[in-house]
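Subject: Structure handover and notes

Dear colleague,

I am passing on the structure we spoke about, together with some notes on what turned up in it. Please look through the model before reading on.

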Amino acid sequence: MNNNQDRKKAFVIINSEQKGFFTAISKVLSNNYNYDVTIVCRDIYVKKIVDKLLPNFVNIVVLSDIKLKEIPESDIVKVALNYEKKYGINLNKLMSEDRALGQGYLFNIEKIPTIIRSFWPYEKKLSSIIDVIRKYEIAINANGIIIQQWPNKIVHSIAKYNEGVSYSLVNMKYGNRFLWTSGEFVSGHSFIKRIKHNLCKNFDNKKYNYQIEEDGNNLNKLELSKFSYFNALKRALFLIWNDTKNWIRGMNKKNSYKYLGWVPSVFRKISNYKYVKSIGVTPDQLTDYNVIFYPLQMEPEVAILYYSPEFNNSMEAISQISKASEVGTIIVLKEQNKSFAVRSRWYYKQLEKIPNVVWADPDIHSWEWIKISKVVATITGTAGIEAVNMLKPVISFGKHQAINHLPTVFYVNSFDSVSLTIKDIFERYNEMDFEHSKNAFIKAQVDSSFDFPEYKNKFKSIELEVDLAEKSLQNLNKEYTL
């Protein structure tokens, strides 16, 4: 696998997950598609696996090993402005999307353990994000395609500047289907184009059936066995043992979560669940009201920070809906099961005080609430997709959701737009063609993706997954032409 200037360039970025799969992607790109491939490893541990799987591979760059000349503190702002101009990016916004540098933007999870980097001064945070850009500039040093697990805005900006393109393999949220998306968001241009095209079609009474995405469904299922203090004690003892072991060995990630930072959360999870259970309502208690259902997102996961950078404050969204709703409307909030661990009791009580807001019984599946709701509101996540498929209108606070292109989904970005949208939905409810929106969306999902159930079981694999790589690249080639 030697360099050849006549071959097309490709860069394959390999992080902590799917190491065997993306290593195989590199091999197949080189052997079957005639690409000169450079593998970009996150750290030396990833490189060791790549070296084992592809012992004769030459072009490997290790991001963590790239040495950079330090930028004087007095020059940081000037350098940052130059990078913003060069790539057309906003570094403050990029920092807000980082769960460490932007931890201060996570207003609704006050009990998230502190990440040391979150307290760095402004110039040091700027320097940190600039160093990431500089390292990727060195690693991705030519025009070509870039393949990675998740969309990365820095990588996308560098690819665009070099007149290249970045591809990411992401979950379609439909059964076990995945799609290759180009650009910086999971929706992808071709997927959105198909949605718009389908909305102009007549489906001749043909109906498409929704296939629930398995991982999303599992998150929605409440495993009561996990909400016991005995289970919390076992988890706490494991965290104490693991953190102590890593601390002694010097393996703790530098400037990351503090030692034993997650231990209190395992007990808080049980306490908060029991509190919400004690005040939670059931659908049969609200038969005399119009229900607006608002399922909370899992925080601080990437979905809320990265895919809705413009707006990620659930408390503000709930407040706007509450104020804009007319009498006789109740907003039902459902907590995300994994977020009980990082909320404060104050958060639940503060929202409980709002006159037309109630908490859902956490044992009741979201679908039961969607069925009885008049409207579903969401920032990101699968709830909006589920609502479309259950023929309900959606208020979307997330700017980049693919469902926003449907006529039964309403993107909002201010109190006025929330107020006008709620009024519009209630006035035109019986005029909206929910079935057509559902069919247009599902057909776009199926046509933009491929069935890939094997992929989800290979996240930790360190074997060379050649068959999976070949299958996925065949679809990438079909969709975009390699």
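This is a predicted model: local features need pLDDT of at least 70, side-chain atom pairs count only at pLDDT 80 or more; totals for chains, interfaces and linings use all residues.

Residues are numbered from 1 along each chain as its sequence is written, and side-chain values use heavy atoms, with hydrogens and water left out.

Overall fold

The protein chain holds 18 helices and 13 strands, where helices (H or I, at least four residues) and strands (E, at least two) are DSSP runs numbered from the N terminus. Its radius of gyration, taken over C-alpha atoms, is 24 Å, close to the 23 Å that the globule rule (2.2 Å times the number of residues to the power 0.38) gives for 482 residues, so the chain is as compact as a globular protein of that length. The C-alpha trace spans about 70 × 60 × 45 Å along its principal axes. Buried residues (under 20% relative accessible area, with exposed meaning over 50% and partly exposed in between, for a 1.4 Å probe and protein chains only) make up 54% of the 482 residues. Of the contacts (heavy atoms within 4.5 Å) between residues at least 6 apart in sequence, 70% join residues at least 24 apart.

Helix 12 and its surroundings

The axes of helix 12 (residues 314–324) and helix 16 (residues 415–428) come within 9 Å and cross at roughly 50°, the axes being lines fitted to C-alpha atoms over the stretch in contact, with angles running from 0 to 180 degrees between N-to-C directions. The contact is made by Gln 320, Ile 321, Lys 323 and Ala 324 of helix 12 and by Phe 415, Val 418, Ser 419 and Ile 422 of helix 16.

Tyr 347 lies in helix 13 (residues 345–352) and is buried, with a relative accessible area of 0%. Leaving aside residues up to four places away in sequence, Tyr 347 touches Asn 108, Glu 110, Leu 296, Ser 314, Met 315, Ile 318 and Trp 359. Tyr 347 and Met 315 are 32 residues apart in sequence, and their C-alpha atoms are 8.6 Å apart in space.

Helix 7 and helix 17

The axes of helix 7 (residues 189–199) and helix 17 (residues 434–447) come within 8 Å and cross at roughly 140°. Residues in this contact include Phe 191, Arg 194 and Ile 195 of helix 7 and His 436, Ser 437 and Ala 440 of helix 17.

Positive phi angles

Most residues other than glycine have a negative phi. Asn 34, in the loop between helix 1 (19–32) and strand 2 (35–41), has a positive phi near 60° and counts as partly exposed at 45% relative accessibility. Thr 481, in the segment after helix 18 (466–480), has a positive phi of about 70° and counts as exposed at 60% relative accessibility.

Best regards
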